[in-house]
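Here's a walk through one protein chain, from its overall make-up down to a few individual residues. Have the model open as you read.

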Amino acid sequence: MTAPKSGRPQVRQLRTENSWTQETLAAKLQVEGWDVSRESLAKLEAQFRRVPDCELLFLAKVFGVNLKDLFPPDINLKKLDPSLRLKVSTKFSRAKRRSKGK
């Protein structure tokens, strides 16, 4: 399968290209070991929640795609929402990482 090309969220596009319902995708993911509900997938597709890296691994396996195919092909990290960049950079500051290592 190839990377989605439309403006739709990648998971939704991959699911519809496979003619799967959200229930079907949830079941396939559960077989692989991710206990996910249809409601959680709906929030993911609607971009109401973030997707942790471990969930990306399950999605890539079930869809038979590379991890990079789950991201928009034209993503520009420099134009990522500034408030998100700030949260990421301050959450794991060097000072916090050093103090944990001691």
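## Overall make-up

Helices here are DSSP runs of H or I with at least four residues, strands are runs of E with at least two, and both are numbered from the N terminus. On that basis, this predicted model has six helices and zero strands. Reading from the N terminus, the order is simply α-α-α-α-α-α.

The protein chain has 102 residues, and 26% of them count as buried. As for contacts with a separation of 6 or more, 44% are between residues 24 or more positions apart.

## The nonpolar core

Which residues have the most contacts inside the largest nonpolar core? They are Leu25, Leu29, Leu59, Phe63 and Leu70, in a core of 17 residues. Four elements, α1, α2, α3 and α4, each give two or more residues to this core. The largest share is from α4, with five residues.

As general background, nonpolar side chains in soluble globular proteins tend to be buried together.

## How α2 packs

Two packed helices are described by the angle between their axes and the distance between those axes. Start with helix α2 (residues 22-32) and helix α4 (residues 53-63): their axes come within 10 Å and cross at roughly 110 degrees. Angles of 65 to 115 degrees count as roughly perpendicular, and α2 and α4 are therefore roughly perpendicular to each other. On the α2 side, the contact is made by Leu25, Lys28, Leu29 and Glu32, while α4 brings in Phe58, Leu59, Lys61, Val62 and Phe63. Sorted by class, that contact of α2 with α4 has six nonpolar residues, three charged ones and no polar ones.

Now look at α2 against α3. The axes of α2 and α3 come within 9 Å, again crossing at roughly 110 degrees, and α2 and α3 are therefore roughly perpendicular to each other too. Here Gln22, Glu23, Leu25, Ala26 and Leu29 of α2 meet Arg38, Leu41, Ala42 and Glu45 of α3. The contact of α2 with α3 divides into five nonpolar, one polar and three charged residues. Leu25 and Leu29 turn up in the contact with α4 and in the contact with α3, and both are listed among the core residues with the most contacts.

## Aromatic pairs

A pair of aromatic rings is described by the distance of the centres and the angle of the planes. Counting rings whose centres lie within 6.5 Å, there are two aromatic pairs. One of them is Trp20 with Phe63: the rings are stacked, 5.6 Å centre to centre with 15 degrees between the planes. Trp20 sits in the loop between α1 (10-17) and α2, and Phe63 is in helix α4, so the pair ties together parts that are 43 residues apart in sequence. Trp20 and Phe63 are both buried.

The other pair, Trp34 with Phe58, is tilted, with 6.1 Å centre to centre and 35 degrees between the planes. This pair also links distant parts of the chain, 24 residues apart: Trp34 is in the loop between α2 and α3 (38-45), and Phe58 is in helix α4. Are Trp34 and Phe58 buried or partly exposed? Trp34 is buried, at 9% relative accessible area, whereas Phe58 counts as partly exposed at 24%.

## Loop residues to check

Most residues other than glycine have a negative phi. Ser19, in the loop between α1 and α2, has a positive phi near 60 degrees. Ser19 is also exposed, with a relative accessible area of 66%. Gln47 likewise has a positive phi near 60 degrees; this residue is in the loop between α3 and α4 and is exposed, with a relative accessible area of 58%.

Finally, find Pro73 in the loop between α4 and α5 (82-91). Pro73 is exposed, with a relative accessible area of 61%. Pro73 and Gln10 are 63 residues apart along the chain, and their C-alpha atoms are separated by 9.7 Å.

Notes
Residues numbered from 1 in each chain as written. Predicted model: local features only at pLDDT ≥ 70, side-chain atom pairs only at ≥ 80, totals over all residues. Heavy atoms only, no water. Axes fitted to C-alpha atoms, helices over the stretch in contact; angles between N-to-C directions. Parallel < 35°, antiparallel > 145°, perpendicular 65-115°, else oblique. Contact = heavy atoms within 4.5 Å. Nonpolar A, V, L, I, M, F, W, Y, C, P; charged D, E, K, R; others polar. Phe/Tyr/Trp six-rings, centres within 6.5 Å; stacked < 30°, edge-to-face > 60°. Buried < 20%, exposed > 50% of the residue type's maximum accessible area, 1.4 Å probe, protein only. Core = buried A, V, L, I, M, F, W, Y, C linked by side-chain atoms within 4.5 Å.
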